[in-house]
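Please take a moment to look over the sequence and the model before reading on.

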Amino acid sequence: MMSDTSGRSQKTYMLNMGPAHPAMHGVVRLVLELQGEKIIDVDAEIGYLHRAFEKHAENETWNNVVPWTDRLNYVSPLINNVGYAMAVERLAGIEVPERGQYIRVIASEISRVTDHLTCVGASAMELGAFTVFLYMIKAREYLYQLVDNLTGARVTTSFTRVGGVKGDLPADFAEKFRAIAKEVRTAVAESGQLLTRNRIFMDRMEGTGILSSADAIAYGITGPFLRSTGVSYDVRRSHPYAVYGKLDFEIPVGSTGDNYDRYLCRMAEIEQSLRLVEQCLEQIPEGKHSLEPKEIKHAYEIQDAGKFGDTALLAKYAAKVDQTLEGMSKDDQPNTRVLDRTITLPSKESTYSNIEGLMNHFELVMWSWGVKIPPSQTYFAVEGGNGELGFHLVSDGGDGPYRVRCRPPCLFPMAALKKLLVGGQIADVIPTFGSVNMIAGELDR
Amino acid sequence: MSESLLRGERRDVPATSNLEELSKLKAEGFSMLVDMTCVDYLPQGKTPRFDMIYRLMKLDVSTGQDRGRLEVHCAVDELPVLRSVAGLWPNADWLEREVWDMFGVKFADRPGIKRLLMYEEFTGHALRKDYPIVRRQPLIGPHSGDKADSPSFNILRPTITGE
């Protein structure tokens, strides 16, 4: 019970939204305290989709964690793949061939577009604009087909390997992308015409869910959410990883930090991401996309393996003795110790067609046989669909992570949800929650 | 060029004065608490057992550039020594709840801290190294506490024996 100024007691209502509410994008529960339709308190309960990503990762080999990362932010899985693989490479001191880096950027940017299309489309649908949802999901589907061509799956991509990517770009990829980019641009333009100056849409979006830049920084918010408040922080610009330093792109920023600004930021970022992919397709060099596994072991490798006590498999290998002994002491990845001095999984073609590839693959995925990274820890972050997607990795010298911490970008605006919603109307929950772009897979891990 | 700066310099701080040290750092301009997490070193026999990590960033509001990061480490054990930093950065509220939930690290000034990801009735702390990955608890599994009925469910890795 609350008292108003006239001394009359006013009843407040508790209302559960979720965990099975259609606007709760997956599963999250909001407990709202209402006075009439005004929100006076909010408590967000998360964890309904907790699948122990971090615990599972501790029990896998370095490469085997990649499929788990698909399930973090499942509307932009490729960015998670790239972020995790790059963090492991940083820990191991490995540099991926340039072509591989370009492919990773292409994959990330396509994923960013699908992420923004889903977010804007779904939140427009929740405000009644079902047409926009259909336009955007149609465009997203074209991109998913492209992702399917590239990785073999629409959503569970598992595309990166430590030391590279699963495969090269398909032959007609650039051509297909150009055709699809046209479709996406049309869909975005048509949706923009339907929404941007739409009275109903603006009434719901403008001036709701406002967060100042100071509050956004205090809450650790990054990504389009922070940029909508006018702060142009972007990991791609602040810490240009992969080949972002060579590419030209703008960072759209908002000014008021309301739902409408976040919508405009995401719409503008779609165009920037398409531009980035186009530049990559023009610049991409020929060459290897991954570090290549060696086929036959050198004599010194067999010797080294013996020194490390790995004698069990020695009998199975014939030593390759180089007459000139040139380049014998050179090592591709001096910081890692693995039997065959490679840490990249062989290509599937090789695994299925020859014994060296098969054995290479088998050794790398077997427990306690795979890549070993010396005891160390690192933090690496990429710009995810929702902001800074970071991985803190700790190695104890074993063949798998000792600890993987994923910094989920959408946890931070969720933590600020009280700040965003209190004082507003219950109808504001829908656009605000939509623009937070909560992805339960990433939030709950 | 600035990729390695993502992690920033490491600084070790005694757990008893975490709040004072972090307040100083906030006053120095580390305006964003990027992340807070914990690592359990039980199998390596380190004492204290846990390593709390606060990841800070100086963010230039006008240019949007990262002006430097810092990784603050505090070695702690289960005793409630650390103080909450939610007064400095409000997102620490949830992050501390997660650390309590997953590692059981307590905060001296948050006695009634609530779990973030797991449910209230959950016993133990799942990311501790002595919590077996195959352990099942009622409310997720069968109410009897029996292991789930699947041939591969509880034998993921033979080296981990479970309860």
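Two residues are said to be in contact if their C-beta atoms, placed from the backbone, lie within 7 Å. By that rule, and leaving aside its neighbours within four places in sequence, B:Met52 is in contact with B:Cys38, B:His73, B:Cys74, B:Val76, B:Leu82 and B:Val105. It should be kept in mind throughout that this is a predicted model.

The strand β3 of chain B spans residues 50-59, and nine of the 10 residues of β3(B) are buried, so this strand is largely enclosed by the rest of the structure. On one hand β3(B) is joined to β2(B) by eight bridges, the two strands running antiparallel, and here B:Met36 has B:Tyr54 in β3(B) as its bridge partner. On the other hand nine bridges join β3(B) to strand β4 (residues 66-76) of chain B, again in an antiparallel arrangement, with B:Ile53 paired to B:His73 in β4(B). The strands β3(B) and β4(B) form a hairpin with six residues between them, and in its turn B:Gly64 has a positive phi of about 75°.

In soluble globular proteins, nonpolar side chains tend to be buried together. The largest nonpolar core of this model holds 157 residues, of which A:Val88, A:Ile110, A:Val184, A:Met414, A:Met438 and B:Met52 touch the most other members. Helix α4 (residues 98-126) of chain A supplies the largest share of this core, 11 residues. Because domain 1 (2-45) and domain 2 (62-288 + 410-444) of chain A both give residues to this core, the core lies between them.

Helix α4 of chain A is also the place of A:His116, a residue that is buried, with 27 other C-beta atoms within 10 Å. Not counting residues up to four places away in sequence, A:His116 touches A:Arg266, A:Glu269, A:Ile270 and A:Gly385. Another helix of chain A, α17 (residues 429-436), is mostly covered, since eight of its eight residues are buried, and just after α17(A) the residue A:Asn437 takes a positive phi of about 55°.

How many residues of chain B are in contact with chain A? There are 32 residues of chain B in contact with 36 residues of chain A. The elements that give two or more residues to this side of chain B are β2 (32-40), β3 (50-59) and α2 (92-103) of chain B, and β2(B) gives the most, with six residues. The residues on the side of chain B that touches chain A divide into 18 nonpolar, seven polar and seven charged.

Definitions and conventions: Residues are numbered from 1 along each chain as its sequence is written. Chains are lettered from A and ligands numbered from 1 in the order in which they are written. This is a predicted model: local features need pLDDT of at least 70, side-chain atom pairs count only at pLDDT 80 or more; totals for chains, interfaces and linings use all residues. Helices (H or I, at least four residues) and strands (E, at least two) are DSSP runs, numbered from the N terminus. Ala, Val, Leu, Ile, Met, Phe, Trp, Tyr, Cys and Pro count as nonpolar, Asp, Glu, Lys and Arg as charged, and the others, Gly among them, as polar. A nonpolar core is a set of buried Ala, Val, Leu, Ile, Met, Phe, Trp, Tyr and Cys residues joined through C-beta atoms within 7 Å. A residue is buried if 20 or more other C-beta atoms lie within 10 Å of its own, exposed if 12 or fewer, and partly exposed in between; C-beta atoms are placed from the backbone. Domain bounds come from an automatic or database domain assignment. Two strands pair if DSSP finds at least two bridges between them.
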